[in-house]
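Trainee: I would like to learn how to read strands, helices and chain copies in a model. Please take the features one at a time.

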There are 2 protein chains.
Amino acid sequence: MTDLTPTLDYSGKVALYEQLYRYISGEIESGRIKSGEKMPSKRALSRHLGISVSTVETVYSILVSEGYLASKPKSGYYVERLELPSDAAGNTKKRTEFAKKPVAAPQYRYTFSTSEVSTELFPYSSWAKLTKEVVYESSDILKRGDKQGDLDLRIELAGFLHQYRGVNCSPEQIIVGAGMEYLTDLLLQLIEPSRRIALETPCYNATYHTMKNNLRDVCFISQDSSGMRVDLLEQSGADIAYVTPSHQFPMGTTMPVSRRSALIKWANEKPERYIIEDDYDSEFRYGSRPIPAMQSRDSAGRVVYIGTLSRSLAPSIRIAFMVLPESLLARYSERFGFASSTVSRLEQQILRRFIASGMFSRHLRRVGLLYRRKRDIICSRLLQNPDISVTGAQAGLHFVMSCPPFTEAEILKRCAARDVRLHGLSEYAHGLPCRPASAVVGFAGLSESDLDKAGRIIAETLRGE
Amino acid sequence: MTDLTPTLDYSGKVALYEQLYRYISGEIESGRIKSGEKMPSKRALSRHLGISVSTVETVYSILVSEGYLASKPKSGYYVERLELPSDAAGNTKKRTEFAKKPVAAPQYRYTFSTSEVSTELFPYSSWAKLTKEVVYESSDILKRGDKQGDLDLRIELAGFLHQYRGVNCSPEQIIVGAGMEYLTDLLLQLIEPSRRIALETPCYNATYHTMKNNLRDVCFISQDSSGMRVDLLEQSGADIAYVTPSHQFPMGTTMPVSRRSALIKWANEKPERYIIEDDYDSEFRYGSRPIPAMQSRDSAGRVVYIGTLSRSLAPSIRIAFMVLPESLLARYSERFGFASSTVSRLEQQILRRFIASGMFSRHLRRVGLLYRRKRDIICSRLLQNPDISVTGAQAGLHFVMSCPPFTEAEILKRCAARDVRLHGLSEYAHGLPCRPASAVVGFAGLSESDLDKAGRIIAETLRGE
């Protein structure tokens, strides 16, 4: 058995798997590890080097795929002779090249991020059980499904969206897709490319970049305390308005009914006008009754409703949905006859059962209570400091915090010095002016005890001297 | 307990779930089914009406979501009072509206389709076992993953593609995505919109429509027996060539090395030229050694390699991959910093384990043998008729059949009259002339015994009188 004693650099500058790969392949090439030798088991090497088994697994699998090692079932890994016969593709072995690793971002003890959610309540065992059921019970689950998503899933979603969000739609109007950005790409292919698209400012960066990567003409519309200003929208020449009325990202505004009506009135004034309602953060609302989706007030087919399950379920499960009004649905049917769904049917059917069995509703209630507790903890700690004010905390997984004595940069810097990472509101403003001196506090990914500690630190460090 | 006696129309013109939904909701609205009554169990109603439990399940779930029924755990379904309080969203109940069902396409006893694959050998139990492992063993599996796909999966894929296809790439060049069309959409966002794109004619319709939906300037280049003609490509003004060299769709041509070199030479002549190598049908090859991917001969970073697992694994599992050359990778990193992966991390990790454990290689060998048997059966039956000739059967899951006495329309018509559905080559030619009198024979989805029977029928019905 081979004795491996690499000098590993644990600073994170070069990935461990890369260092170990380079070391072992170098040892084999130089002949210091001889062909035919048995390699240490993955577990043994992991213990020996103090790194995870999966890192060793990764390295061994690269070495096998490149012909340095051979894996013998029930026995282990052996060093191959280096004068390998050329492989099936007629190529000789080529060493894997690794891209330069970007300089790692500094790590903080407490990171407030709007892209993380709480995964501690994920129903692992139900999900595994449903997966097993789907794999064994659905005979045609491997066949190509409907391009819009399985009909029975869309029926569940239509019922769910009606019950929870007041959305009025038939299952035929729903398109299930692998994430909001994918669905936005798709939607843009249904809208005349010459139409100008109005975004809220500040807004979610991915939305803006998706529009720009699709070469769309985008303008930014300022918000007031009710959300996107309709007077400015009218002057903008835009025909499409993209809004997040449930809980504006990042401002946290919930658009009141009056503004929703004004927007729908605007959309009804010209035939090719549409509102894209991104129902961001609508799942979690603390205190007041939810306001139904704008889609529910749309009698003329002017609203496209889009939403995702990444925040209520898990960011790694890629299921979002879009409800098209009749006019765009007709265009979709005409142009996308060839299309395939972007969501695995296994996951579609797991989700269908998850909703139909009532498990999803129960899950939403449980995580809703957890997020309420988390919000209460962080807000109460912050508000210990009388200079701090909080807005947009009535719903969703983030809010906006300001502390008038300090500029945005000062807030971020002071917190960073105490190992707390916050994002500034200006990061979402695309260079345009926005209300200064605010940080965006995405609290979902931190534990209750971390929120308690981080909240105290922020409140303390932002006290004027 | 309610007695339900709907008159159901089983002709398929109106979906059964829709009929049953209309019947029950009507009975409740008219008061014929009284509030508080217990509905029959799903199983009982399914037996009573001779329809599947899942159809009843679907109908009950719509009725619950609309407030007609309430589900009591461990007891069953009860009819609600109709004067419901408005729901959480403040809406009153609204009946689901169903889109008009399109007239169903005629059904054939034997359908040859190029979009179906054989799913009888799918490793259900391994897949279920790996799923369970992933759900329980990967602690951070719910977190947002890398936008290009999990690194450890990309390492496996890089090794796999090198071993099987001679592809030379680092894991950093790979983007994992939810299907070929999604990846094509993405790739188009990396290519200047003014560049003309050359497609083979005939070609896969989805590729053409994806380009057109993205408003790209597309031209068609004729093929000879080696594939896309480079002389015509040179005259076309195109900068991008989209080819399927392993097994051209639908002609079945395998592009010889000389033509591949000529294409790469063409691409090297100008800086913004690229070849998109869609490695369609490369997994299955009967007889001769596989030709390595064009990407393996690309020293100047001019080839984008794309492939999918839908054909080797299952069409309902949406995992495809793209290998970007450095120049486009840099553009991707710059423009898609915000992006999220479109493939669920659960499935990514299942696939990673499936490849790493060697199960995928074993699976490929097993289905490869099955497809060879299927091809042998259908070809030998067809070739019983001396007028029939077959081309492109050296690889992949389809080939082209012609029978000179007959036109394409005659072939399709005669076969249809004997309950056999074939597609004509002209369906893929976008109105341009193509070699006439050919049908495309996609054999993967039919069983061996069906191929035997259908092959005999075709051979017989295409005999001159």
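Mentor: Helices (H or I, at least four residues) and strands (E, at least two) are DSSP runs, numbered from the N terminus. This is a predicted model, in which local features need pLDDT of at least 70, side-chain atom pairs count only at pLDDT 80 or more, and totals for chains, interfaces and linings use all residues. Residues are numbered from 1 along each chain as its sequence is written, chains are lettered from A and ligands numbered from 1 in the order in which they are written, and side-chain values use heavy atoms, with hydrogens and water left out.

Trainee: In which sense does S10(A) pair with strand S11 of chain A?

Mentor: The pairing of S10(A) with S11 (residues 320–323) is antiparallel, over four bridges. There, Ile306(A) is opposite Met322(A) of S11(A). S10(A) also pairs with strand S9 (residues 274–278) of chain A, in the parallel sense and again over four bridges. In that pair, Ile275(A) faces Val303(A) of S10(A).

Trainee: Which residues point each way from S10(A)?

Mentor: In a regular strand the side chains alternate between the two faces of the sheet. Here Val303(A), Tyr305(A) and Gly307(A) point one way, while Val304(A), Ile306(A) and Thr308(A) point the other, and all are buried. Buried means under 20% relative accessible area, exposed over 50%, and partly exposed in between (1.4 Å probe, protein chains only). Six of the six residues of S10 (residues 303–308) of chain A are buried, so the strand is largely enclosed by the rest of the structure.

Trainee: Which residues are buried in helix H2 of chain A?

Mentor: An α-helix has 3.6 residues a turn, so residues three or four places apart point the same way. In H2 (residues 42–49) of chain A, the residues Leu45(A), Ser46(A) and Leu49(A) are buried. Viewed down the axis of H2(A), the buried residues fall within an arc of 105 degrees (taken from the directions from the helix axis to the C-beta atoms), so they line one face of the helix. Arg43(A) and Arg47(A) are exposed, on the face turned away from the buried side of H2(A). Gly50(A) follows H2(A) and has a positive phi, near 70 degrees.

Key
Two strands pair if DSSP finds at least two bridges between them.
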